[in-house]
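Good morning. Please have a look at it first.

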Amino acid sequence: QVQLVESGGGLVQAGGSLRLSCAASISISSIKAMGWYRQAPGKQRELVAAITSGGSTNYADSVKGRFTISRDNAKRTLYLQMNSLKPEDTAVYYCAAFIDPERTVLLSWGQGTQVTVSS
């Protein structure tokens, strides 16, 4: 089973940037899809961005044009570059790995990293 460890969260002012990392315990080259999710207080966990092993990406409408997801198979790491951050981006961010490109069969969740955007 793959273990995922997120890092890079923190406190940032609105308009600022952060880069989240998700380090995997095993090679991710064969993991068909990985994604970043977030959960704000009192809200359901939602998909932020996802990427397949082939490099196809999709983003939540709320982050399109501001966030970029990428993966480095050699470093076994998933990234989320977040620019032009807004207070509504405040949440705990989780990475996830899936067996299939459609993200229907979960392999593992990370423990989460807090992102707080001040106005």
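**Salt bridges and what lies around them**

The side chains of Lys64 and Asp61 meet in a salt bridge, 3.1 Å from N to O. A salt bridge here is a side-chain nitrogen of Lys or Arg within 4 Å of a carboxyl oxygen of Asp or Glu. Asp61 counts as exposed because its relative accessibility is 64%. Buried means under 20% relative accessible area, exposed means over 50%, and partly exposed is in between, with a 1.4 Å probe and protein chains only.

Before I go on: this is a predicted model, where local features need pLDDT of at least 70, side-chain atom pairs count only at pLDDT 80 or more, and totals for chains, interfaces and linings use all residues. Residues are numbered from 1 along each chain as its sequence is written, and side-chain values use heavy atoms, leaving out hydrogens and water.

How many salt bridges does the rule give? The count is four. Arg38, Glu46, Arg66 and Asp89 are linked in a network of them. Within it, Glu46 pairs with Arg38, with the closest N and O atoms 2.8 Å apart. Glu46 is partly exposed because its relative accessibility is 36%, while Arg38 is buried, at 7%. Arg38 also forms a salt bridge with Asp89, at 3.0 Å between the closest N and O atoms. That pair links distant parts of the chain: Arg38 is in strand β4 (residues 33-39) and Asp89 in the loop between β8 (77-82) and β9, 51 residues apart. Helices (H or I, at least four residues) and strands (E, at least two) are DSSP runs, numbered from the N terminus.

Next, Val48, which is in strand β5 (residues 46-52). Is Val48 buried or exposed? Val48 is buried, because its relative accessible area is 1%. Among the residues Val48 touches are Trp36, Arg38, Phe67 and Leu80; contact means heavy atoms within 4.5 Å.

Now the disulfide, meaning a pair of cysteine sulfur atoms within 2.5 Å. The structure holds one, between Cys22 and Cys95, with the sulfur atoms 2.0 Å apart. Cys22 lies in strand β3 (residues 18-24) and Cys95 in strand β9, 73 residues apart. Both cysteines are buried.

Last, the surface. Ile99, Val105 and Leu107 form a nonpolar patch with about 220 Å² of accessible area together. Patches are made of residues with over 30% relative accessible area and no salt bridge, joining like charges within 9 Å and nonpolar side chains (Val, Leu, Ile, Met, Phe, Trp, Tyr) within 5 Å. Accessible areas come from the Shrake-Rupley method with a 1.4 Å probe; for residues, only the protein chains shown count as cover. Val105 counts as partly exposed because its relative accessibility is 38%.

How values were computed: Lists of a residue's contacts leave out its neighbours within four places in sequence.
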